[in-house]
Amino acid sequence: MIKLRVFVSSVQKELATERHAVKTLIASDPFLDEHFVPILYEDEPSMLKASPQGYLNDLAKCQFYLAIIGSEYGARFKGLSATHHEYHFAQKKEMPVLVCVRGDNKVARDPATQDFIGEIKDDGHKYHRFHDLRELQRIVLSCLRVYIQNNFHVVPS
């Protein structure tokens, strides 16, 4: 089986630790490592030409979209953050989408982040809340395993 590329999307600075925790999880779990490759935009080679939305080029090469949402919305390009653009792109391409939101409803969030979460709900996506890195990793591990089991009928040994 070919490894599926998982694009890990979030506000890079705010959620750098969470992004790397997902990358570490996929690389260190034998079952996930056999079936997935984590893609973090900051790890990809630099483009030789200016590309304001180069992250969409990287996402286009992926088969799975993972959004991690915190408090910050992120810098805007044409009115939306990079994560929001990536989410729209993944929706358009009908990619499997996994959304993880850090914290509960009491967390102070940028109003645009609240609107983004509302859009995700309106689109019919269930999202998972997490409070620490272990919980995020547990959610990602479970969801990616179930995805492989349901779509490729392969179970971890």
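**View 1. The largest nonpolar core of the predicted model.** This core comprises 23 residues, of which Val22, Phe36, Leu66, Ile68, Cys100 and Val140 touch the most other members. A nonpolar core is a set of buried Ala, Val, Leu, Ile, Met, Phe, Trp, Tyr and Cys residues joined through side-chain atoms within 4.5 Å; buried denotes under 20% relative accessible area, exposed over 50%, and partly exposed in between (1.4 Å probe, protein chains only). At least two core residues come from each of E1 (4-9), H1 (16-28), H2 (30-35), E3 (64-69), E6 (97-102) and H6 (133-152), with H6 giving the largest share, six residues. Helices (H or I, at least four residues) and strands (E, at least two) are DSSP runs numbered from the N terminus.

**View 2. Surroundings of Val22.** Val22 touches Val8, Leu66, Ile68, Leu136 and Val140, residues up to four places away in sequence not being counted; contact means heavy atoms within 4.5 Å.

**View 3. Salt bridges at Arg102.** A salt bridge places a side-chain nitrogen of Lys or Arg within 4 Å of a carboxyl oxygen of Asp or Glu. Arg102 pairs in this way with Glu14 at 3.0 Å and with Glu18 at 2.9 Å. Glu18 lies in helix H1 and Arg102 in strand E6, 84 residues apart. Glu14 (17% relative accessible area) is buried, as is Glu18 (8%), whereas Arg102 (25%) is partly exposed.

**Notes.** The model is predicted: local features need pLDDT of at least 70, side-chain atom pairs count only at pLDDT 80 or more, and totals for chains, interfaces and linings use all residues. Residues are numbered from 1 along each chain as its sequence is written, and side-chain values use heavy atoms, leaving out hydrogens and water.
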